[in-house]
Amino acid sequence: EPERKTESIAMAEFFKDDMNATFTRGIVCMDIGGGSTDIAIWRGNDSTKPQAQCSLKFAGLDILNNPLFVKRSILQKFMGNDTDFNNYLIEVIQKEDFGEFNERIEVILKYKEKLLFRSLVSKSVNDDVKLFTRNIAFALAGIFFYTGILVGDLKKENKLENALPHCYIGGNGSKLLDWVDNGNYTSSSQFRDVFAMCLAAGAYIRTQDITEDDVIRLQIKKSP
């Protein structure tokens, strides 16, 4: 019989084996789904026992889908030269039932994301688009701040090193970082520093006390 593992353990082992995450310093694994964000913090060689874990009822639906439904006319800003894509966006905009809207927006996010993010690059200077992506960044910052609170508590209990743990993000909602970074988040993005400061603030680390040791690796699993 195959070994049964929790999602948090499976995710941590994936980041360890496939993305070279090191548990010595400590790592934070975030699984941002549609309805919840699962957070697990690890340190040491044992990948079966997280130092802390929790689940937030705040994730992709709250950060992207619901606001997009309320402001669905913003999808007009993403229209380009692809007629089929434009027609599909028009169909989505016309949906007044959230269930129907959500089904179709998920199709776009899964199968047409390249067209969507390509448009995001060219439309990022639009005021409405900037406001929308800023709100996504603000929501993600809240998740990092909350995670920082968990990190701060573990530091007080000497269960984590002084340096901030690296962060690895999976789940479909991990693509939210692409939204805030013009369609293609990279580990060298300026948002890594922004979210690291939010993590530090939650952990009761003052900005002026952040050292080079606190520079974190913030990576996402590109194929949730």
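1. Helices here are DSSP runs of H or I with at least four residues, and strands are runs of E with at least two, numbered from the N terminus. On that basis the protein has 8 helices and 5 strands. The model is a predicted one.

2. The order of elements along the sequence is α-β-β-β-α-α-α-α-α-β-α-α-β. The protein has 224 residues, and 48% of them count as buried. Among contacts with a separation of 6 or more, 67% come from residues 24 or more positions apart.

3. Helix α3 (residues 83-93) packs with helix α4 (residues 98-111) at an angle of about 155°, and the two axes are 10 Å apart. Angles over 145 degrees count as roughly antiparallel, so α3 is roughly antiparallel to α4. The crossing of α3 past α4 is left-handed.

4. On the α3 side, the residues that meet α4 are F85, Y88, L89, E91 and V92. Their counterparts in α4 are F101, R104, I105, V107 and I108. By class, this contact comprises 8 nonpolar and 2 charged residues, with no polar ones.

5. Does the length of helix α8 (residues 190-202) agree or disagree with what its residue count predicts? With 13 residues at 1.5 Å a residue, α8 should span 18 Å, and its end C-alpha atoms are 19 Å apart, so the two values agree. The expected span is taken as 1.5 Å times one less than the number of residues.

6. The buried residues in α8 are F191, F195, A196, C198, L199, A200 and G202. As a general point, an α-helix has 3.6 residues a turn, so residues three or four places apart point the same way.

7. L199 belongs to helix α8. Its relative accessible area is 0%, and the cut-off for buried is under 20%, so L199 is buried. Between L199 and P165 the C-alpha to C-alpha distance is 9.4 Å, although 34 residues separate them in sequence.

8. Which residues does T147 touch, leaving aside those up to four places away in sequence? They are V28, M30, I39 and L199. T147 sits in helix α6, and L199 in helix α8. With a relative accessible area of 0%, T147 is buried.

Conventions:
Residues are numbered from 1 along each chain as its sequence is written. This is a predicted model: local features need pLDDT of at least 70, side-chain atom pairs count only at pLDDT 80 or more; totals for chains, interfaces and linings use all residues. Side-chain values use heavy atoms; hydrogens and water are left out. Axes are lines fitted to C-alpha atoms, for helices over the stretch in contact, and angles run from 0 to 180 degrees between N-to-C directions. Angles under 35 degrees count as roughly parallel, over 145 as roughly antiparallel, 65 to 115 as roughly perpendicular and the rest as oblique. A crossing is left-handed if the near helix is turned anticlockwise from the far one by less than a right angle, and right-handed if clockwise. Contact means heavy atoms within 4.5 Å. Ala, Val, Leu, Ile, Met, Phe, Trp, Tyr, Cys and Pro count as nonpolar, Asp, Glu, Lys and Arg as charged, and the others, Gly among them, as polar. Buried means under 20% relative accessible area, exposed over 50%, partly exposed in between (1.4 Å probe, protein chains only).
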